[in-house]
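Please look at the sequence and the structure first.

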Amino acid sequence: MIPDDLNNTNEKACLECGQPLGAGRDDRKFCNDICRTAYNNRRRKDNQKEPEADHRDSPNFRKIYEILLSNRELLMMHSLYKDEPYMLRDLLGKGLNLKYFTSQYEMPEVGTFNFCFDYGYHITSTGRVYIEENVQEIFC
């Protein structure tokens, strides 16, 4: 007759490969170091946060980029055809969005220009808008 402790049909299996662990310590979980390392590496990888997708693929990025392009086109057209200052209400009526710009430039004695790529605007306290082109900025 076989003793009960040797007739254990509830044998433990390796957490990585599933093979029976056989003789050894009762608290053993892996059949060898390779399985232990593979299991822990896989577990660590699964627990890692998914890397964020490229921000350029997000719908918000595209929407903001389209707004910036629209602002730039509006500023460029007004800069090319007229040299006089515009009224802010006229540019807002044509779709200028003041919320988004790519950079700011402080001009002494004039104030801050908000640029949409290579074209920028400055709004005076009276609501007049001056448009400038930054020829050092390259827009492709």
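Is Asp118 buried or exposed? Asp118 counts as buried, at 6% relative accessibility; buried means under 20% relative accessible area, exposed over 50%, and partly exposed in between (1.4 Å probe, protein chains only).

The model is predicted: local features need pLDDT of at least 70, side-chain atom pairs count only at pLDDT 80 or more, and totals for chains, interfaces and linings use all residues. Residues are numbered from 1 along each chain as its sequence is written, and side-chain values use heavy atoms, with hydrogens and water left out.

**Salt bridges**

Side chains of opposite charge can pair when their charged atoms come close. A salt bridge here is a side-chain nitrogen of Lys or Arg within 4 Å of a carboxyl oxygen of Asp or Glu. The count by this rule is four salt bridges, and the table lists some of them.

| Pair | N to O distance |
|---|---|
| Glu16 and Arg42 | 2.8 Å |
| Asp33 and Arg36 | 3.1 Å |
| Arg72 and Asp118 | 2.7 Å |

Helices (H or I, at least four residues) and strands (E, at least two) are DSSP runs, numbered from the N terminus. In the salt bridge between Glu16 and Arg42, Glu16 lies in the segment before helix 1 (33–47) and Arg42 in helix 1, so the pair ties together parts that are 26 residues apart in sequence. Glu16 is partly exposed at 28% relative accessibility, and Arg42 is partly exposed at 39%.

Asp33 and Arg36 both belong to helix 1, three residues apart, about one turn of the helix. Asp33 is exposed at 53% relative accessibility, while Arg36 is partly exposed at 37%.

Arg72 bridges to Asp118. This pair links distant parts of the chain, 46 residues apart: Arg72 in helix 2 (residues 59–81) and Asp118 in the loop between strand 3 (111–116) and strand 4 (119–123). Arg72 is buried, with a relative accessible area of 12%.

Five strands form an open sheet in the order 1-5-4-3-2, with antiparallel pairing; two strands pair if DSSP finds at least two bridges between them. Strand 1 (86–87) and strand 2 (103–107) stand at the edges with a single partner strand each, so one side of each has no neighbour in the sheet. Strand 3 and strand 4 pair in the antiparallel sense over three bridges, and Asn114 stands opposite Tyr121 in strand 4.
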